[in-house]
Amino acid sequence: MKKWMCAILGLLIMVMLYGCGSKKPSEKMVEQDVLTHVNKVYPGFEMQNFKIERSKTEKDEYYADISCSIKKSFLGKELSGTLYYTKFDGGKWENVSQDFSSSGMKFTALPTEAEIRSGVDGYVEPLADRLYGWRIYRDSTIRDIKVLNIEKSAENSVYADISWVDDYQGYIGQIYGAVEIDITIEGVHMDIYANPGKVDFGPLIGKTA
């Protein structure tokens, strides 16, 4: 019984230290408020390297300057900001305002073939969706997509050779091209370049065109 009482008492003390009656908001509380902002403004991004750079407490007012990085797939950016807190009656700290700024998007790594194929939600379309804009006929099918030799071609640009098959009722077109992913001030842009490749007319022999 005594062990249970001690455990309950310890839990109550932890809750009080988290926000109620404490001299200042805990680092965990500030981090959670930043994470809430990240989830709202940058859905799907993971927050990393959170740090309170400096903070100040004045009676019932508190502010914290923070920094962190956020990452989604092969994209990321640096985030900084200031969070302001007030201690209300009852000794509970609440975040009353916040001010954030961020750096431009950057590559945190080279995209993998799987990431180029699937895209990055909100930033880069799936590769197959873009290739349908290059179809020979309106109703042809794109298949056998391959992504090759992915490499960084500039500070904010990634390049990869690609190939795919355009199939329209037996008309088989082997297409070669490239995909280029660029990070610009406006966001992330993907271009597709295509060149005619080997075309198999075999299925059309003996048919009336």
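# Salt bridge exercises

At 31% relative accessibility, R143 is partly exposed. The model is predicted.

**Exercise 1.** Find which side chain R143 meets in the pair with D167, and where the two residues sit.

*Solution.* Start with the contact. The side chains of R143 and D167 form a salt bridge at 3.3 Å, N to O. Now place the partners. This pair links distant parts of the chain: D167 lies in strand β7 (residues 157–168) and R143 in strand β6 (residues 141–154), 24 residues apart. Then widen the view. Salt bridges with shared partners join R143, D144 and D167 into one network.

**Exercise 2.** Decide whether R54 and D65 are buried or exposed.

*Solution.* First, the contact: R54 and D65 meet through their side chains in a salt bridge of 2.5 Å, N to O. R54 belongs to strand β1 (residues 46–58) and D65 to strand β2 (residues 61–72), 11 residues apart. Next, apply the cut-offs. Buried means under 20% relative accessible area, and exposed means over 50%. R54 has 54%, so R54 is exposed. D65 has 14%, so D65 counts as buried.

**Exercise 3.** Work out how R117 and E113 are placed in their helix.

*Solution.* Both residues lie in helix α3 (residues 113–118). They are four residues apart, about one turn of the helix. R117 is partly exposed at 34% relative accessible area, and E113 is partly exposed at 33%.

**Exercise 4.** State how many salt bridges the structure holds.

*Solution.* The structure holds eight salt bridges.

Notes. Residues are numbered from 1 along each chain as its sequence is written. This is a predicted model: local features need pLDDT of at least 70, side-chain atom pairs count only at pLDDT 80 or more; totals for chains, interfaces and linings use all residues. Side-chain values use heavy atoms; hydrogens and water are left out. A salt bridge is a side-chain nitrogen of Lys or Arg within 4 Å of a carboxyl oxygen of Asp or Glu. Buried means under 20% relative accessible area, exposed over 50%, partly exposed in between (1.4 Å probe, protein chains only).
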